[in-house]
Amino acid sequence: MNAGNPPDLPPDPRTLSWYDRAGLLSSRAAATDVLARRSMALRNLLWAGLATAVVAGGWLVAWAGLGWYLGLDDPQGADLLVVVLLMAVSFLAAAVAAAVFVRVVKRGSAAQRLLEAWTRLDRLAPARSLPPGNVQQPLASTWDLMRSGQPWKNTVPLDGRRYLVFLSGKSLMWMMAPVAPLMMGVVLVLVALTGDLDQEDGGFCLQIGVVGGGSAFAALGLWGVGKGLRHYAWALREARARVSEEKSWPSAPSRW
């Protein structure tokens with residue numbers, strides 16, 4: 001297992017070896033089943049959204065509290081204590097939420113990276129040089145079926161088209177749902193930068209708070225859209241590679 005991969009995810013396939021292709025395909029099917037769900041789990045988007053809301057809220061509350069204190073005509077010692085405590089709690093909550101967001105991002109990236117590695121495993125030369133073993137029909141790729149002598153027309157589109165499943169609603173949801181926080185973040189930043197805030201009464205603190213909160217939501221949106229686009233591009237690339245390979249096989253049975 002590579003350093004940095006969560007322990008509950010399948011290991012990097014480059015660290016493993018198999019005696020035959022049947023064992024490799026069985027391990028690959030089990031790994032991709034887990035990784036496909038972990039990589040695009042919608043709960044990760046929900047956790048990231050909640051963490052971003054806490055980060056933005058904590059940042060905004062902290063700076064708004066400071067702006068309130070600076071705008072007081074006759075601040076007292078108790079007022080200063082309240083502001084210090086408010087800022088400390090707010091920044092602490094924002095830091096914890098930021099750590100949760102980073103953890104979600106790292107786990108999702110690790111799952112996607114492993115998913116790509118496991119998915120292309122059966123097309124690598126070392127995997128195709130293994131003895132066939134007892135390859136079960138649900139696990140067999142087009143290459144395995146052609147290797148056993150079945151005609152091309154009986155194998156297409158068993159392999160390549162099945163990878164279009166990865167272009168399902170989850171991938172589209174990851175590309176579409178984050179557009180809302182992205183647009184909201186951009187609007188908040190623009191309003192804060194172009195708005196007419198009273199700089200003498202702590203308005204600049206509120207401006208910093210709104211810009212920071214808007215930037216957090218914009219970062220969430222960019223991450224979500226980027227993740228969805230990466231998954232979509234990978235799945236489409238994988239499907240095209242397999243469809244292209246299928247079409248290169250002769251229409252008559254192979255002789256092995």
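1. Of the 256 residues in the chain, 41% are buried. Here buried stands for under 20% relative accessible area, exposed for over 50%, and partly exposed for what lies in between (1.4 Å probe, protein chains only). This is a predicted model, in which local features need pLDDT of at least 70 and side-chain atom pairs count only at pLDDT 80 or more, while totals for chains, interfaces and linings use all residues. Residues are numbered from 1 along each chain as its sequence is written, and side-chain values use heavy atoms, with hydrogens and water left out.

2. A word on confidence: pLDDT is the predictor's confidence in each residue, from 0 to 100. The chain averages 82, and 83% of the residues score at least 70. Please read residues 252-256 with care: their pLDDT is below 50, and beyond near neighbours in sequence this stretch has 10 contacts in the model. A contact means heavy atoms within 4.5 Å.

3. The secondary structure consists of 8 helices and 0 strands, giving the pattern α-α-α-α-α-α-α-α along the sequence. Helices (H or I, at least four residues) and strands (E, at least two) are DSSP runs, numbered from the N terminus. Among contacts with a separation of 6 or more, 83% are between residues 24 or more positions apart.

4. How many salt bridges does a search of the whole structure find? The search finds 5. The term is used for a side-chain nitrogen of Lys or Arg within 4 Å of a carboxyl oxygen of Asp or Glu. One of them joins the side chains of Asp-12 and Arg-14, at 2.7 Å from N to O. Asp-12 is buried, with a relative accessible area of 4%, whereas Arg-14 is exposed at 68%.

5. Another salt bridge is made by the side chains of Asp-122 and Arg-21, at 3.9 Å from N to O. This pair links distant parts of the chain, 101 residues apart: Asp-122 is in the loop between helix H3 (77-119) and helix H4 (125-128), and Arg-21 is in helix H1 (residues 21-39). Both Asp-122 and Arg-21 are buried. Together with Arg-28, they are linked in a network of salt bridges.

6. Helix H1 also holds Asp-33 and Arg-37, which are 4 residues apart and so separated by about one helical turn. They form a salt bridge, with the closest N and O atoms 3.3 Å apart. Asp-33 is partly exposed, at 46% relative accessible area, and Arg-37 is partly exposed too, at 44%.

7. Leaving aside neighbours within four places in sequence, the residues in contact with Ser-39 are Gly-108, Ala-111, Gln-112, Leu-115, Lys-227 and His-231.

8. Finally, the surface. The accessible surface of the chain comes to about 13,700 Å², with 67% belonging to carbon and sulfur atoms; the areas come from the Shrake-Rupley method with a 1.4 Å probe, and for residues only the protein chains shown count as cover.
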